[in-house]
Amino acid sequence: MNPMKTTKILLALLLLLQALGAQAAIEAGLLKPLAGDDPDARIESVNKIAALASDDAYKVLSAIKNDALFATPDGQVFVIEDGKAFDPATGKTGAPPDGADAITVNNRLRGAVEAALSGFRLLSKDPNERHAAAEAMQKNADPGQLPLIRQALAKETDPNIKALLAMAEATANLQSPDAAARKAAVQALADSSNANLKPVLAQMLEKNGEGSYNEPDEGVRVAAVATISAINARLARTEFFGNLFYGISLGSVLLLAALGLAITFGLMGIINMAHGELLMIGAYTTYVCQLMFRTYFPGAVDWYLVTALPAAFLVAAAVGIALERTVIRWLYGRPLETLLCTWGISLMLMQLVRSIFGAQNVEVANPSWMSGGVTVMGSLVLSWNRIVIIFFALFVVGAVWLILNKTRLGLFLRAVTQNRRMADCVGVSTGKIDMLTFGLGSGIAGLGGVALSQLGNVGPDLGQGYIVDSFMVVVLGGVGQLAGTVIAAIGLGEVNKFLEPVAGAVLAKIAILVFIIVFIQKRPQGLFAMKGRSAE
Amino acid sequence: MNDVLKPGQTYDSKDHAEHGFSYGRPKQDGVDTTHGAILYLEDITVSFDGFKALNKLNLDISVGELRCIIGPNGAGKTTMMDVITGKTRPTSGTAYFGQTFDLTKMTEYHIADAGIGRKFQRPTVFEHHTVFENLELAMKMNKRVKPTLFFRLSAEQRDKIDAILKLIRLEGHHHRPAGLLSHGQKQWLEIGMLLMQEPQLLLLDEPVAGMSDAETERTAELLNELRGKHSIVVVEHDMAFVTEIARDGQVTVLHEGSVLAEGSMQAVQANERVIEVYLGR
Amino acid sequence: ADTIKVGILHSLSGTMAISETSLKDVALMTIDEINAKGGVMGKKLEAVVVDPASNWPLFAEKARQLVSQDKVSVVFGCWTSVSRKSVLPVFKELNSLLFYPVQYEGEELEKNVFYTGAAPNQQAIPAVEYLMSKDGGGAKRFVLLGTDYVYPRTTNKILRAFLKSKGVKESDIDEVYTPFGHSDYQTIVANIKKFSAGGKTAVISTINGDSNVPFYKELGNAGLKATDVPVVAFSVGEEELRGVDTKPLVGHLAAWNYFQSVKNPVNEAFIKKWKEYAVAKKLPNANTVVTNDPMEATYVGIHMWAQAVEKAKSTDTDKVIAAMGGQTFKSPSGFDLVMDKTNHHLHKPVMIGEIKPDGQFNVVWKTKGPIRAQPWSPFIAGNESKQGM
Amino acid sequence: MTSSFSSLFSRPAWAGILACAAVLALLPILNLSFPAGHALHVSGYTVALVGKFMCYAMAALALDLVWGYTGILSLGHGVFFALGGYAHGMYLMRAIGHDGVYQSNLPDFMVFLDWKSYPWYWSFTDHFGFAMLLVVLAPGLLAFAFGFFAFRSRIKGVYFSIITQAMTFAFMLLFFRNNTGFGGNNGFTDFKRILGFTITAPATKAVLYLITLAALLGALLLCRWIVTSKLGRVLQAVRDSESRLMFIGYNPLWFKLFVWTLSAVLCGIAGALYVPQVGIINPSEMSPGNSIEMVIWAAVGGRGTLLGPIIGAFSVNGLKSWFTAAFPDLWLYALGAIFILVTLFLPQGILGLVDRFRKSKETA
Amino acid sequence: MLQVEALNQYYGSSHTLRGVSLTLKKGECLALLGRNGVGKTTLLKCLMGVLPTAGGSVKLDGRDVTRLKPHERAGLGIAYVPQGREIFARLTVEENLMMGMAVKPGRQATGIRGEIYELFPVLKDMLHRRGGDLSGGQQQQLAIARALLADPRLIILDEPTEGIQPSIIKDIGRVIRLLRERGDMAILLCEQYFDFAHELADKFIVMSRGEVVASGAQADMNNEHVKRHLAV
Ligand SMILES: Nc1ncnc2c1ncn2[C@@H]1O[C@H](COP(=O)(O)OP(=O)(O)OP(=O)(O)O)[C@@H](O)[C@H]1O
Ligand SMILES: Nc1ncnc2c1ncn2[C@@H]1O[C@H](COP(=O)(O)OP(=O)(O)OP(=O)(O)O)[C@@H](O)[C@H]1O
Ligand SMILES: NC(N)=O
Ligand SMILES: [Mg+2]
Ligand SMILES: [Mg+2]
């Protein structure tokens, strides 16, 4: 498909028909190829329908995009939504016909439809739609779209969209026959952060087969060089901030994964190999919550996380408390035995989940408000799920800090973990505190599991992927040091993300491990080592 | 393989001293004490996050001297011993063992090897080893890997251990794990270990804490026996005991990290400041 | 004995359990099916299931146990190439049979193995050809993204040579590997985005196992849509997609020899049987089970073996091998699949599907009929001479 | 010397050890001398399995030396095991000669990466003797270097454990990389011969098995001799109170380094014996989980007893082999439950149970 | 108030306490004397519930507490200053003191009574230092202060003067005397420092090899029989 041709047709008819605002049904002949399987015919049909520029055309195209276009075996086409079938050929709405099947949409058709729709959307009433359309337009605008862009520009009131459209206009003008216009366009694009322009500009500076520059005008070439370096500088900055963000994001994931362990291992001294499985239990609880919402409150499915958080905390805490009461409480002061025992627990929990939910992963979807991302600095997409998780991590850390340092429970908890017998003698019910502490650590692991479910797999092995990293984080930070855990997690995330582009994922990971080993040599007690006599 | 050094035989231990590692070399038999002093501390300051546990402390101990050090809780007595034994590095100041050993640059085992033995304030013994093994481990010998691997206890050495066992009155207990001893018994065992080491300088941090009066007396006797053979520094709060062993030697009073008073026991006990901060009225 | 023992060697725990558990279940279903029709040579089949626990040396041990202790006549099993490599010496030494049901990198032909999954020319090459075609989006630049092990490495090596032969420049190919279980794809997705600024780009993913979910989630959230940068995957099927929210992934592709969405009576019967089996056996999530390519390949493999035994009138390894060549079976893919007379691979149709919002695939391209496997890829130097055993 | 040799174990312990060794030595002989189906025949599968267990037992023994006696918990012994295995594997790969898929004198995976010759670190590995040297040197040097820096920095307890875990994890990732030159995820497999003998021949297998048995016995005696020496008591003092030890004049660094390196070398030898018997070595041997399993063998058998870890390795792996076949869907419950029950009710491991039993008989 | 009858205790097979009995009334101070290793600490631990007993009973105000856990006994008003201090090393001095009030409900445990600083002024300067960093003597004072904050009815002190400077020993003596005179508390004082014990106790018992071998009123403490059991 040639987008240039499409838009030309589109544009001509659009301008023509706009004034008329005609409301005519679409000819059946135009629709029929959509139901067929000749790809070229279907594309042509899409373009022709787009050219109608009517509300019905818009409806049909949107339907293709949303998989809502159905065809009967005899080639009749319907838009079927909410159980009602709209026949674009007649303009009538009725019951869905028998035997109608969704038409097959492949990427090519979908691309054609999107291009066609962006023309419509540029003039839409909804500013968000216009913004999206202008953004798309700005990526690869061509001269054929200039009249449309100018018209939109004239009508546009929103300054952001206006800027985008101006950028799109400049992009289109790059191919203008007029050298001055090209130069102006190149200069205007110096503010762009669109990487797609780089090859276009670079191509101007290359020589063609005859040995002369593709861009004949010296002035334009000079401007192009300046613009390229401006774009490069901007992209480099974007990349830097990108890495920074990715690092914080990875760090917050590590932190959420490790935080529960910072309590059960860091404070209580239990080498809890089942920690990963507590994360997993949190993630599966999320899955179950989602399932309940889908079944019982399908309308509110976006808010399943609101119940998943407390549920995951409680379920994981309950499992933790059960483990503590039945097994772990016999092992205080024997950390290595806890390793052995919790390893066994971890095997059993994994198998339990396999028996209940199957060995396969289960699907946990991001709620729509956590899907997609926000574009900053022109081209950097920060995904919502990661942003939310960063703030969530901050929140959980804050809460843990408050509990540990500002409550009586926290005081008792620290006392018990330091000297169980003496705490008992001053009147602390150590059993109860142990139980609550382990429950708290487990519950927090459950919360970590909710976060992980939003990023990756939810499967029986989920925990195994995080257990080693979690231990590294806690140890690197200094056992029993909450602040150390936080800094270690974020630090590892950042180091990883700045290394990865240079070294690749595997070597970056190896480098991180070597870094940990070397770092511990320098600080044998972790980042936030206990100093003084009390450390002994 | 000779496990134990013959008198006069020495190992060179200069070259590794500054690095964080060295073989556990046996001590040089002769610490250079030509100027008559075995320990010099000069202007030692130890500060923990701004808190000065020791503040420009000066102290000299002569060869064969038995020096008692007293002072309020928290005066810095234990910290001083930490500095001497390499456990704590001073923030500033110099510490010499004899003329040649710069204690501020040596590691714990090297210092021990050079001839400084220490009894800790809280008794620390190897809890899972038997009483006998504790003494055997402490025994003076070449403490490198190979000699240890091929070590066989000679009859002489066994006798020595038996003698010490008797001295510390743990004969019947020699097969018991040290961890099962009572507090006071551990104190004794630690003193026994110290004697096995045959150090030139003994540091005793509160040796009679937790001992009954009778036992305190015995300890005093023991120290009086050792007097002259070793240089000894004793930290104690038990005034009767201090009076007993100090005789007419010097007693040093530490306060807030530096020397408050020094002199004979009577002089010190009469000192107004000492009474005020330490002895009480 | 009045039964014929068959071994099933799939990981039921550990990292590979995600993929392999359903193969074990399908194998058991197929055996039930054959037994219901009277078994083989009048004898019932008896399955011996073991769990090699995603541990490669354990695969070798268990293979030996199946063959020499349990005396099974044939083993159906393995998923990863490394597990296959580790059991090969055992099957050779004990002269026994293995049926391997997963797409793989080729470069191997063992007398004791029948390969019922795809060789590279039955999956990878057609998929790339499709991406380069007008309908596939006319990709000019390629990111070869894979898990770092032999299957992706080899496949990418073949693809590189193939792309080169199609005139694609080195600078237009980017090859990236991540370790098994890698879960943070932020940087890689950002790099793909950067790379795609240079022209129409497609991603060829040989990511295996657990990493797919985080990869696709990141891809979806970063706003890389299939219309911009399509991703074609060789190890992602219906089963893997059960664990992903597929809405943001609509339009991304996978290449296989079978999709559940293929419409034909054999497939309908196969799916129905599987769903009923899952419910009857109370498999976890029985109401949402799906079929996929390796399951189909397992199903086909067991049936073909049974046919070959009937033909050979014996379960003797050499006799069965001789009888296997030329076996045909009406497969759920809608074609009559034939076991090649010489190279132990099936002739298979190739299909390319786009992901639909419901996690199924929409077949957008397929070969006219089954094609013959080339285990020795012509795109690898020195392979010209190696065609047969 | 002989008297001190026999005093390594008590009389009943010697009797038990020798009886077990005799039974183990008999297995391959029964396998060879009686045809399948004969009542006294022992299947090749059983012999191979026991051979593998003996390698594991040796690794567990090596681990016990550092963990049980010196209190250094290594969560990375898998790396030493694997390095020994890889060192031997390099020789075995080269011994394949031209019999690989590509009939090249390079291993298949190198042909496949378009390598034209062996990288430098494969030099001389075609010599069996050199390969054996590597079996000792590779794990030994790694352990020495790693231990030297770690012990010098006085890294202890969990900090040490975790960095050993980081080490094995890093090595695993490194060896998973195909470019590293050790066959990536597939590792080495499909060996053909060793010193000219066909590796799958029953006699070769029997010999490998008997060598393993001898190595295990030798390692046991060596370790026992070490722990009963005064050095053994120093090691235990390191475990209980390292700082106290320094104040009586020992430098713990060299003591720790000595056992640590020795343990790594023993583990490497175990790995080297494992490879030809199991027929594959790949990086998953270095996965953190594998090293943790070694710890578990030692703990189940009884830490700090030397014999215990051997018993533990046999029983845990024996159960695992049985369970994975007998209850493929449920075996993890059984295994997990055993670990829990052992820790809760047998804190001294299986050997502790034996002790307790003996004591109760004595008092009765 | 405290009634101990025929208490027996074993460490493994060694019989450490052999039928120890004693009684202690409110407002009384009982000195427990004996050589090293005779089982004094063991006895105190049994009273606190840290060690299990093999026979005999411990009654507090007539209530049998033999089977109660330490924290339950603490709840009934027993406070313990162990030998070796057992400070919470990584808690600050202030937090260590707060732990002393763990038996009280949260509302009543908000601040530390100023009286404590009067008794142990050194602690006031060290409130934010970690307990484990204190000198031995400072820790001992902290341990006593911690026990007092519980407002116990029975306080058990295991060698409270060990490692303490003379002036503070006098202070501690004053504190104990004060408590005794207040009369609302029973005091069980295990001491090696004979003069100190002699000064404070109303009555005493002497142990040897796990048995009570002598007991009596304060006046009898100096008699030969007692001295013999204390001599080496
Ligand atoms: N690591 C440390 N961090 C902070 N303060 C410390 C540390 N070590 C010692 N101190 C402080 O230094 C001071 C001196 O302590 P030191 O143990 O040397 O006293 P001391 O004279 O031995 O007292 P005592 O007679 O009670 O044993 C004390 O106030 C103590 O709190
Ligand atoms: N945990 C234990 N296991 C076995 N025996 C022990 C244990 N603790 C103490 N003992 C032994 O019990 C006896 C009594 O010890 P205890 O600590 O009660 O003595 P004590 O009278 O308090 O002595 P001290 O005055 O030295 O503190 C001692 O012989 C000691 O060796
Ligand atoms: N053959 C594979 N997918 O490993
Ligand atoms: Mg002190
Ligand atoms: Mg005591």
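What do the buried residues of helix α10 of chain B pack against? Let me get to that after a bit of background. This is a predicted model, in which local features need pLDDT of at least 70 and side-chain atom pairs count only at pLDDT 80 or more, while totals for chains, interfaces and linings use all residues. Residues are numbered from 1 along each chain as its sequence is written, chains are lettered from A and ligands numbered from 1 in the order written, and side-chain values use heavy atoms, with hydrogens and water left out.

Okay, chain B. It has 10 helices and 10 strands; those are DSSP runs, H or I of at least four residues for helices and E of at least two for strands, numbered from the N terminus. Of its 281 residues, 59% are buried, and buried means under 20% relative accessible area, with exposed over 50% and partly exposed in between, using a 1.4 Å probe and protein chains only. Take contacts between residues at least 6 apart in sequence: 67% of them in chain B join residues at least 24 apart. A contact, by the way, is heavy atoms within 4.5 Å.

Back to α10 of chain B, residues 272-279. Its buried residues are B:Val274, B:Ile275, B:Val277, B:Tyr278 and B:Leu279. They pack against β3, α8, β9, β10 and α9 of chain B, and also against α7 of chain E. At the start of the helix, a side-chain oxygen of B:Asn271 comes to within 2.8 Å of the backbone nitrogen of B:Arg273. After the helix comes B:Gly280, with a positive phi near 80°.

Staying with chain B, let's look at a metal. Which residues are the protein donors of the magnesium ion, ligand 4? They're B:Thr78, through OG1, and B:Gln121, through OE1, at 1.9 to 2.2 Å. Donors here are N, O and S atoms within 2.8 Å of the metal (3.2 Å for Na, K and Ca), and water is not among the atoms, so sites may look incomplete. B:Thr78 sits in helix α1 and B:Gln121 in the loop between β6 and α3, 43 residues apart. Both residues are buried.

Now chain E, and the magnesium ion that is ligand 5. Its protein donors are E:Thr41 (OG1) and E:Gln83 (OE1), 1.8 to 2.1 Å away. E:Thr41 is in helix α1 of chain E, E:Gln83 is in the loop between β6 and α3, and 42 residues separate them. E:Thr41 and E:Gln83 are buried.

Over to chain C, and C:Ser81 in helix α3. Is this residue buried or exposed? C:Ser81 counts as buried because its relative accessibility is 2%. Its side chain makes a polar contact with that of C:Glu105, at 2.6 Å. That term means a pair of N or O atoms within 3.5 Å; within protein, one must be able to donate a hydrogen and the other to accept it, and residues adjacent in sequence count only if both atoms are side-chain atoms. Leaving aside residues up to four places away in sequence, C:Ser81 touches several others, including C:Tyr100, C:Tyr149 and D:Asn186.

Last, the chains together. Chains B and C don't touch, and their nearest C-alpha atoms are 38 Å apart. Chains D and E share no contact either, with their closest C-alpha atoms 11 Å apart.
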